[in-house]
Amino acid sequence: VLFVLALILLKEGAKPLAPLIRNQFSVDSPASALGFGWLSANLTLSGSPVAATSLALLDANVLSAVESFAMIAGSRLGAAFVVLLIGIAYMLRGKQRVLSLNVGLLSLLVTQTMYPLVLALGFFFMSNGWLDRWQVQASQDVSSPLETLINPLLIFFQELLPPWALFPVGFLLVLSSLWLFDKAIPEIHFEEAGLGLLSHALYRPVVVFLAGALVTSLTMSVSVSLSLLVPLSVRGIIRRENAIPYIMGANITTFIDTLVAAALLANSSAVTVVLVMMISVAVVSLLVMALGFRQYECFLDGIVNFLGRRRRHLVGYIFVIFA
């Protein structure tokens, strides 16, 4: 609960940056919409608000359907940046420095390497209009079960502190929650505990893929579900290589709240945009898992090892993301 509260405070504290971004940049093409969504998600440490904003802009005829699709894709590319920050925080605490950083890098790289294909496939679907006939409407909003518990705490902090102060408080709570993770999560050796079947299940990409999809469906936040990877990987519960299918599964179900937002707008174009995104991500993810998962895994391992080898490589990578 403290960990989720910490992430939400980080996001709320980063929101004052959003008007600055929105007022300073002009979004007038799919490429600029992609960059706008990516940069906004990087700085606000969350993709869902950016994706919802893109639908509102589409509904107001500020963005075209293709530009809204590109902006949502950008929001996904930047949503995992918070996981890299969690990994760096874990690394600064001296906890499995290499592993904690690598998991953060994987969370970004899986999305960044898959989304060129997702964008190409999505633009192809939209140009043919195959999903335009789908009509989905929602009569009420859908919230994560965690919100009932977290919202009163969030309101308390918002009343107590100015908006800008939520960010440093959230960062301190992240460090505190990671310390609690260290104390609460035991060192698990499945074979010694007589749980060998569970060990083998967690080493299967399909099982971890479904786990990522389920956790993200329950939390309705890819930032939360992917950030859990850092402490779980450090404790050996999820191996680093099995983090990849977990991230793939999370990247599909993270659009549930965005789909509900589109349905609440009662805008057929908004619903089509989100459905195209979900289907494109699912198709690319399943093709990678079915046809070349091991090769893809080795490819990502090579990039992660290169970026983690020297500090200047990591700094350069972060610079390129924002550039």
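## Exercises on a predicted model

Leaving aside neighbours within four places in sequence, E67 is in contact with D28, S29, P30, A33 and V62. The coordinates behind these exercises are those of a predicted model.

**Exercise 1.** Determine where E67 is placed and whether E67 is buried or exposed.

*Solution.* Step one: E67 belongs to helix α5, which covers residues 65-79. Step two: the relative accessible area of E67 is 12%. Step three: buried means under 20%, so E67 is buried.

**Exercise 2.** Identify the residues with the most contacts inside the largest nonpolar core, then list what M248 touches.

*Solution.* Step one: the largest nonpolar core has 83 residues, and L105, L226, M248 and M277 have the most contacts inside it. Step two: not counting residues up to four places away in sequence, M248 touches V110, M114, F209, S285, V288, M289 and Y296. Step three: another core, of seven residues, lies apart from the largest one and includes F36, V50, L63 and A70.

**Exercise 3.** Classify L287 by accessibility and name the surface patch to which L287 belongs.

*Solution.* Step one: L287 is found in helix α16, residues 268-291. Step two: the relative accessibility of L287 is 47%, so L287 counts as partly exposed. Step three: L287 forms a nonpolar surface patch with I279, V283 and L291, and together they have about 360 Å² of accessible area.

Note on methods. Residues are numbered from 1 along each chain as its sequence is written. This is a predicted model: local features need pLDDT of at least 70, side-chain atom pairs count only at pLDDT 80 or more; totals for chains, interfaces and linings use all residues. Side-chain values use heavy atoms; hydrogens and water are left out. Helices (H or I, at least four residues) and strands (E, at least two) are DSSP runs, numbered from the N terminus. Buried means under 20% relative accessible area, exposed over 50%, partly exposed in between (1.4 Å probe, protein chains only). Contact means heavy atoms within 4.5 Å. A nonpolar core is a set of buried Ala, Val, Leu, Ile, Met, Phe, Trp, Tyr and Cys residues joined through side-chain atoms within 4.5 Å. Patches are made of residues with over 30% relative accessible area and no salt bridge: like charges are joined within 9 Å, nonpolar side chains (Val, Leu, Ile, Met, Phe, Trp, Tyr) within 5 Å. Accessible areas come from the Shrake-Rupley method with a 1.4 Å probe; for residues, only the protein chains shown count as cover. A salt bridge is a side-chain nitrogen of Lys or Arg within 4 Å of a carboxyl oxygen of Asp or Glu.
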